[in-house]
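This report covers the packing of one protein chain.

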Amino acid sequence: MRIVGLTGGISSGKSTISNLFKSHGIPVVDADIVARNVVLKGTGGWKKIKKEFGDDILLESGDIDRARLGQIVFSDPEKRQLLNRLLAPHISNSLMWEVIKLWFKGCRVIILDIPLLFETKMNLWTKPVIVVWVDPETQIQRLIARDGISEEQARNRIEAQMPLDLKREKADLVIDNSGSLEETKVQFEQVLSRVKSPLSLKESVFSRDGFISVLVSVVIGVIIIKKNVS
């Protein structure tokens, strides 16, 4: 199985690339969706957030006020680190379970869409790593337009993340999403051909079909040895 890492920065256009992979039939495990699920009312993540941040972080329905929580953690690095520590175990376990389910389905290539791929060291489990990059000014303007926030707020949110230039240096593949959608699609097609290339021997062995083949070979080998011994 080939586990491909996909990351970027806020408003870099990572979701666009994620959707393009889906449109080509490649399954995507989205950490943002997983993160939302692990803080649903009554879950372990929800209980931890309620305990550390208090009832003020809850809506009348009892659900987490994501907008309020976002304001707190983007303006306070210590609170942001606390939130990451609280949720990291729940998110990583859920991500692993999603990967296992796809493995059982026989998927040979999957995409792990994780905003904090490098920060959480999940890049160590993925190859290749794709970074969706965008120039700083475009990133700011897109974030302002998307969320209706001030330039100062946009800069605070961007600066709260690992710089995109640093992520680009760590990447195996880079998609520059600063231009038009058509320009991005051209780059995506090149990346797609790399992602869909034949699996290496190691990747094949760790796929479901590869594992079954190895297991069958071992069983047959044991049977032959037993017969010869007898």
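Are phenylalanine 21 and phenylalanine 188 buried or exposed? Both phenylalanine 21 and phenylalanine 188 are buried, where buried means under 20% relative accessible area, exposed over 50% and partly exposed in between (1.4 Å probe, protein chains only).

## Basis

The model is predicted: local features need pLDDT of at least 70, side-chain atom pairs count only at pLDDT 80 or more, and totals for chains, interfaces and linings use all residues. Residues are numbered from 1 along each chain as its sequence is written, and side-chain values use heavy atoms, with hydrogens and water left out.

## Overall content

The chain has 11 helices and five strands; helices (H or I, at least four residues) and strands (E, at least two) are DSSP runs, numbered from the N terminus. Of the 230 residues, 38% count as buried. Among contacts (heavy atoms within 4.5 Å) between residues at least 6 apart in sequence, 71% join residues at least 24 apart.

## Nonpolar cores

A nonpolar core is a set of buried Ala, Val, Leu, Ile, Met, Phe, Trp, Tyr and Cys residues joined through side-chain atoms within 4.5 Å. The largest one holds 38 residues, and Ile49, Phe53, Ile57, Ile64, Leu69 and Leu95 touch the most other members. At least two residues of this core come from each of helices H2 (31–37), H3 (44–53), H4 (66–75) and H5 (77–104), and from each of strands S3 (109–113) and S4 (129–133). H5 gives the largest share of this core, eight residues.

Leaving aside neighbours within four places in sequence, leucine 95 is in contact with Val29, Ala31, Val34, Ile114 and Met122. Another core lies apart from the largest one; it has 18 residues, among them Phe21, Phe188, Val191 and Leu192.

## Strand S3

Five of the five residues of S3 are buried.

Strands pair if DSSP finds at least two bridges between them. Strand S1 (residues 2–8) runs parallel to S3 and is joined to S3 by five bridges, with arginine 2 having valine 109 as its bridge partner. Strand S2 (residues 28–30) also pairs with S3 in the parallel sense, over three bridges; here aspartate 30 has aspartate 113 as its partner.

## Helix H4

Leu69, Gly70, Ile72 and Val73 are buried in H4. They are on the same side of H4 because they cover an arc of only 165 degrees around the axis, the arc being that of the directions from the helix axis to the C-beta atoms. H3 and H5 are included in what covers these buried residues. The face turned away from the buried side carries the exposed residues Ala67 and Ser75.

## Rings

Two aromatic pairs are found in the whole structure. Rings of Phe, Tyr and Trp (its six-membered ring) pair if their centres lie within 6.5 Å; planes under 30 degrees apart count as stacked, over 60 as edge-to-face and the rest as tilted. Phenylalanine 21 and phenylalanine 188 are edge-to-face, 4.9 Å centre to centre with 75 degrees between the planes. This pair links helix H1 (residues 14–23) and helix H9 (residues 181–195), its two members being 167 residues apart.

Tryptophan 103 and phenylalanine 104 are also edge-to-face, at 5.2 Å and 80 degrees. Tryptophan 103 is partly exposed, at 22% relative accessible area, and phenylalanine 104 is exposed, at 54%.
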